[in-house]
Structures are given as C-alpha cells and as structure tokens.
Amino acid sequence: MLTYNLDERGGIPIYEFLYQRLRDDISRGVPGPGKRLPSRRMLAEHLGVSVITVENAYRQLEAEGYISIQPRRGAYVSADMIPQAPLVKGGWREAPGGFLSGPGGGAEAPRKWTLDLSGNHVDPSGFPAATWARLARRILSEKQNALLEPIPHQGLPEPRRAIADYLRAFKGMNIRPEQVVIGAGAEYLYLLIAQLLGPEKIFALEDPGYPKISMVYRKCGAGQVLIPADEQGMNIDILSKSHAAAAHLSPAYHYPTGAVTPIGRRRALLKWAETSGAYLIEDDFDSEFYAAGRPIPTLQSIDRAGRVLYLNTFSQTISPAMRIGYLILPPELLDIYQRELGFYACTVPALEQLILAGFLADGHFERHLSRTRKAYRIRRAEILDAFRHAAFANRARIQEQGAGPRFLLKLDTDCPDEILRARAEALGIRIKFLSDYASAPRPEFAHTLVIHCAGLDPGRLKKSMPLLEKIFI
C-alpha cells in the first residue's frame, strides 16, 4: 500500500500533495508501467482522507497522462511511462513479486540460478496438497470454535498429543504432551532456548555447523564456544575442557557433513552434561531422511538425568513454508519455562496446528515420509551417478555419510575456493563449500562442496555438466 506522511504537505491542499507524490513515484518507475494502483476507497482508508481527495488526485494524474482509469477495473500506470530512477526517497518502490512500502523497503531480488547445488530446498511436487486441503475443510466445518479461541502458550493439545505419540512410536521417546512446546520454526525455538537457559550462559556449537544457530544465540547476547566436529560429531574431549553450560548439536545427521554420532560418544556427551550440570540441545534436523540402517536412539530417549532438550521441525519433512517446529523440554526446565516464559503467546495459528494434528494422528505423515524417502533415494542415486560419470570424476571424490539428503564432493585441485565460486557464479551456478559453514579455514575443508539433493533436479544437473566441467577442470 502507498504510504505518505501528510504532515509534510505544508499549506498545499491534500489532493495536490497526494497527486505530486504519486506523480514523482510514477515518474521514477514505482509502480512501473501497467501496474494497478490501489483502489480509491482502499487508499483513502489507508491514508485517513476522503475518497474524493484520492479521486481528485487520480483525475489530475489521468489528465496529464500518468495513469489511465478503466471503468470497474481501477487505475493503472500508463504503459508508455518511462521510469527515470528505480528508487524514491521517502516513497515506495516495487520489489520482485509485489510492492513494498517505505523508503528502500525490501531485499534484493533472489538470483535465478541455472543450477543450485547448495540450496537446502524441498521438492514441491511431493507436498500432499489434496490431503492437506481435505483436513483443512474438515477442521473449518467441524472445529470452528477452536479457531476463534485463545491458543495455549505451548500450543493446542491436539498437535502436542499427536507429536508426542509420533515420537513415542517412531523414535522411542517416552514423553508427555505437556513437555511439547510448539513454535514458528527452529529460529524462534532457538530464541526461547537462549532465554530459558539464560543469556549469561556459554553455548557450545558444532564447527562446522548450521550458521543460523550461532547468529540467533549471538543476537540474544549468549556467549559461544566453537567445538570442532569430527567424523563422530562434536569432539567430547574439547567440549569437556570448555566452560560451556549447554551444547547445541545434531547427533543424528550432522549439518552439513552428515556425520552420525555413535552410541559411545552419545553416552559420553550425556555423562558430560550430567556431571557438569549442563544441557544438551539435540537438534534433530533432517534425521527422518537418514536411511543407512536402523536409526541410533535419540539422546533424549536414553537420557536418564533430564539434561536433553529435543528440537525438530516439519520444514524438511512437509514444507518450509509451514513454519512449525517443536521443542521437548525435560521436567525441570518445563517448570522454569512455564513460570518464566509462559507469558509468550503461541506463534503458530490454530488452523495450521489442527491440520498438522490430523495429518499426524491419521497416519498421513508416516505415509508421506515413506513416499518422500523413496523419492529422495532415487533422486540421490541419479545425482551421484551423474557426478560419477562426469568428465571431472577422476578429480572429484564423493564423501558419503549414510544415505541422507546431502553429501560432500571433494575436488582434487589447487584452485582456491573463492576462484571456483567466482567461476561458478559467472556461469549461473550456485555452490557452497564446507569452509562456508566453518569458523575458520581448515586444510581438510578446502575444495569440498556441500551438495543438497532434495531440491536438485537430476535432469537439470545432467544438462549443466558441461558448465561444471568448465569450473572444475
């Protein structure tokens, strides 16, 4: 919506001030040629002026050829308007996909890549749209009252019960629905954890690791210590010598290497937490797609001292647009959470929670996961086959950790990573290296690409192999 400060008009009439600001914006190309302006009534309500004021401004613009007013359709910027500048100071500008109000509003347009090897995307074709819509219709017809009532701060009882049942059945986690906290995605839950444990605490983080974890804790004012991650996960010897009060780790399927923490080290981590009075934050991101044998029990399921906070989301298993995650708190921390953070409102709308509850309770999630795992296994095999038969295959080594949605590709080259990245970007290809996820360069990380399979089209990859050959050979 167009927003102008009417206090800046001085002594000129409101309609003339509005006309001038619209004229200046249109002259600079925002909104661009052929774009529809807000209706007169909507703009009048937004600015707090009369409809006739907006009508007069639009009529003057039409008279001068800036816009055309089409009966029953609205006002449109004239198609032959030639923009003079892309940005209006103090006005508004057009961003990709729509309009953003305010000076300089919006981010840069996301680049469209010929090939994206680094994007941690979900294949949209696998979304169970029909089932989701059917559940939504059922809830809208049968549970209207629930959609209008206040939501408990930890989330509605139905999805918390469904999540607890799922974790008990498929991950062996003996938890109660009361321990479940529902929130809008992982980042929001990181914020809660930082406040729950206290910003004065020092958090141990995996290095390399998921960058947003560090970013969120830092913004919360928490101290951090980076612990190297080896082929078995977080290094327990270095962790034991730190002064960390909590360790945030992904033992089931480390991001981004895919390393799996074996049971021996898991028990060592639990012992460290118990003896030092620290907590383990078990981030189970992507674990549902690890398919190399029977999954190792979660830390939470073998924790006997109440030192593990378990965290997961449905971003990868259903859709990142859902923004639904959940946190499982041990009893001691649950009491503190309810006492000190219970004033927070739940950040996930009731409709999405109830749809998710039905999706889990009716067995749709289990069937969806089964189909998605099969599709990802086939896709991963095709992607690996494409790399194994590439012209540069003799100079690239695939490093697999199980059979998850990512793998590492180690290049045999002396060319610096930044040069390889620049070559790739010049050809429209996006790549990320293992060093991008680390705090500092390490020789063992050099020339190692992180390849994400879930959103990568094998057909597009094969067509782009000649471009990759130009980069890597």
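How are H15 and H17 oriented to each other, roughly parallel or roughly antiparallel? The tour reaches that pair at its second stop.

The model is predicted, so local features need pLDDT of at least 70 and side-chain atom pairs count only at pLDDT 80 or more, while totals for chains, interfaces and linings use all residues. Residues are numbered from 1 along each chain as its sequence is written, and side-chain values use heavy atoms, with hydrogens and water left out.

Show the whole protein chain. Its secondary structure comes to 17 helices and 17 strands (DSSP runs numbered from the N terminus: H or I of at least four residues for helices, E of at least two for strands). Buried residues (under 20% relative accessible area, 1.4 Å probe, protein chains only) make up 49% of the 473 residues.

Select residues 14–27, helix H1. Just after H1, select Gly29, with a positive phi of about 95 degrees.

Next select H15 (417–426) and H17 (465–472), whose axes come within 9 Å and cross at roughly 150 degrees (lines fitted to C-alpha atoms over the stretch in contact, angles from 0 to 180 degrees between N-to-C directions). The two helices are therefore roughly antiparallel (over 145 degrees). Show Leu420, Arg423 and Ala424 of H15 with Lys470, Ile471 and Phe472 of H17, which make the contact (heavy atoms within 4.5 Å).

Key. Parallel < 35°, antiparallel > 145°, perpendicular 65-115°, else oblique. Buried < 20%, exposed > 50% of the residue type's maximum accessible area, 1.4 Å probe, protein only.
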